[in-house]
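Colleague: I am new to this structure and would like a close look at one part. Could you walk me through the ligand and its surroundings?

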Amino acid sequence: MIEFKKKPGLVIYLTAGDPDLATTLDMALAAIDNGADVIELGVPFSDPLADGPVIQRASERALAKGTKLTDVLVICKQLRAARPQTGIILFSYLNPVVRFGMEKFAHAAKDAGADGVLLTDMIVEEAAEYLKVMHEVGLAPVFLAAPTSPDERLKAIAENSQGFVYAISRLGTTGTRTELEADAEAVVRRLKQFTTLPIALGFGVSTPEHVKTVGGFADAAVVGSAIVGLVEKTDAADAAKAVGEFVKSLKGAEIGA
Amino acid sequence: MSTTASIVSPAPLPASSVPGRFGKYGGRYVPETLMAALLELDAAYAEAQADAAFHAELDGLLKEYVGRPTPLYFAKRLTETLGGAKIYLKREDLLHTGAHKINNALGQALLARRMGKQRIIAETGAGQHGVATATVCALFGMECVVYMGEEDMRRQELNVFRMRLLGAEVRGVASGSATLKDAINEAMRDWVTNVRTTFYILGSALGSHPYPTMVRDFHRVISKESKRQILEHEGRLPDAIVACVGGGSNAIGAFYEYIPDANVALIGVEAGGRGTGLGEHAARFQKIGGGIPGVLQGTYSYVLQDEAGQVATTHSVSAGLDYASVGPEHAMLHDSGRATYTSATDAEALDAVRVLSRTEGIIPALESAHAVAEAIKLAPKMGKDKILMVNVSGRGDKDIGIMTREMDLTGK
Ligand SMILES: Cc1ncc(COP(=O)(O)O)c(C=O)c1O
């Protein structure tokens with residue numbers, strides 16, 4: 001279930017299959033148990049053009065292990081069985097989904113217990129059939145909103161999203177940053193004109209301080225590359241523990257520091 | 001252009017129509033950050049298209065700077081050697097910078113200037129589009145960054161030097177198979193980051209709307225000229241036109257004006273590489289082991305991919321044809337049967353280089369040699385009263401290094 005009980009909520013992105021599927025599941029559990037509200041399970045893709053080097057490398061590692069969309073559905077199902085209340089979003093580029101079949105995918109995702117779907121390269125104008133099948137099976141479509149999106153696009157994005165709207169904090173690809181940019185607050189503020197849905201801000205959100213700052217104007221923070229980068233540096237055996245501790249620190253700054 | 005079913009049958013959401021569809025192919029599948037730029041580009045291009053002054057400047061430069069019109073040359077000795085159809089060569093290889101690519105690079109650079117964008121980025125495979133872009137940036141005094149796969153930098157070393165000499169920055173891309181697809185990914189990442197100040201000059205009839213339409217329009221001059229020229233030479237249209245297909249820009253330019261002429265066969269030639277298995281070729285339209293419709297780099301078209309929807313690696317001796325997808329308009333022409341697509345292997349292309357060099361004194365680019373290879377197969381099967389037109393998209397100077405490694409001329 002997509003719900004941000006305590007603001008700011010926390011959305012944690014993991015590239016599924018990096019370092020391996022079993023560890024992805026353990027890391028997701030650790031993230032949830034340390035305060036993540038929503039897990040985004042990223043389906044690795046050969047051509048991740050919206051991603052920076054950290055997630056590119058994770059995708060390459062996951063693909064080298066043979067990770068497929070069907071595997072991601074399997075761990076989604078396991079995660080759902082283990083944590084019935086957590087929000088789970090399947091995060092993918094379009095092609096693996098198109099290849100699998102949009103309708104078949106929607107049913108499989110629903111069966112696996114996902115709450116929603118985010119397709120990186122799906123824009124609202126092209127989304128009619130995607131939206132139709134999402135509505136039919138009862139999955140929340142989450143669209144990206146960018147600092148460059150004019151108001152009329154933000155409106156369409158907000159109106160067609162369910163669960164939450166994913167606001168991109170800045171121009172560019174995914175990746176960690178030392179500072180949050182001024183663009184971030186502006187896009188959230190503009191989105192708020194059009195929707196009462198929670199707004200999660202992502203791209204570059206990397207530290208407890210960032211999460212705290214995001215909490216000042218958005219409903220949730222999405223942390224991706226910082227987690228994936230941590231996974232890269234950590235032995236598989238220690239990864240779940242490291243992710244759990246990091247997620248805890250992300251939550252901590254919001255209450256404590 | 002119909003707006004019927006797409007991958008997921010787009011119906012108009014906020015806008016009133018979905019532009020940029022070629023049958024069910026094409027469209028816009030990009031990260032949202034790029035949408036404002038694509039819409040701005042679409043509007044600026046429509047405005048430029050309607051502006052006589054834009055066309056006057058473009059046409060003037062095409063004539064005075066680029067060297068248009070290019071000749072339509074009757075290849076007498078090649079025709080005699082093959083013993084069938086009369087072969088005409090459309091000589092895009094004679095253009096400034098050595099390939100058709102400059103038709104489009106110049107058009108887009110003029111558009112960038114009009115839009116007030118001073119920073120230009122481009123991707124390149126064979127280096128011809130990169131050289132053409134670096135050239136027009138030098139001409140207009142614009143900043144130029146070209147992304148190129150490291151494998152392509154190695155095999156098209158000469159063009160890397162040319163780009164640098166022209167003042168462009170060449171950025172090597174090591175990801176994936178370090179070829180054209182990877183260079184496009186990196187160019188798109190740059191664009192997403194610098195979209196407010198940067199114009200992306202895409203080099204083939206690929207990508208999101210409006211690129212496939214715009215790139216085709218800038219290359220349409222090829223078939224406009226050739227139609228007039230063949231009527232002057234022969235008083236009738238050709239029976240067939242052959243062009244190589246990488247992303248599909250020279251082919252769509254060479255075909256476009258003939259699409260309504262049902263008696264003119266349009267034949268695209270893809271890279272057959274060194275085998276028919278996935279990874280050994282770049283023949284997206286190959287029946288078995290070829291591509292199936294999917295989304296790559298912003299557009300819906302045929303894509304070489306595995307069963308899980310991961311994009312396959314490709315192989316061709318020619319860097320310019322070494323790409324996993326193909327322009328969406330070709331996908332439509334393929335499905336409708338209006339054009340047919342075949343392939344030539346690495347060995348056939350290299351052989352065609354030798355044949356054309358020795359019968360006509362013309363050394364074609366390895367890409368163009370794929371079209372010549374098809375002509376070598378086809379012409380003898382056609383009657384002597386038939387006319388076969390071959391688009392020679394570029395010259396072979398850039399490929400001398402590869403040819404030196406791949407061809408054994410010691411015996412002859
Ligand atoms: C001489 C030449 N011909 C053909 C191509 C293939 O591109 P397209 O299919 O867009 O014409 C290239 C690309 O680099 C090229 O340099």
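How do the residues of the shell around the ligand divide into nonpolar, polar and charged?

Modeller: Happy to! This is a predicted model, where local features need pLDDT of at least 70, side-chain atom pairs count only at pLDDT 80 or more, and totals for chains, interfaces and linings use all residues. Residues are numbered from 1 along each chain as its sequence is written, chains are lettered from A and ligands numbered from 1 in the order in which they are written, and side-chain values use heavy atoms, leaving out hydrogens and water.

The shell divides into 6 nonpolar, 11 polar and 2 charged residues (Ala, Val, Leu, Ile, Met, Phe, Trp, Tyr, Cys and Pro count as nonpolar, Asp, Glu, Lys and Arg as charged, and the others, Gly among them, as polar). In total, 19 residues surround the ligand, each with a heavy atom within 4 Å of it. The closest are B:Ser204, B:Gly246, B:Gly248, B:Ser249 and B:Ser393.

Now for the polar contacts, which are pairs of N or O atoms within 3.5 Å. The side chain of B:Ser204 places an N or O atom 2.5 Å from a ligand oxygen. From the backbone, B:Gly246 has an N or O atom 2.6 Å from an oxygen of the ligand, while a polar backbone atom of B:Gly247 is 3.2 Å from a ligand oxygen. The ligand taken alone exposes 390 Å², and the protein buries 98% of that (accessible areas by the Shrake-Rupley method with a 1.4 Å probe).

Terms used. Polar contact = N/O pair within 3.5 Å; in protein donor to acceptor, adjacent residues only side chain to side chain.
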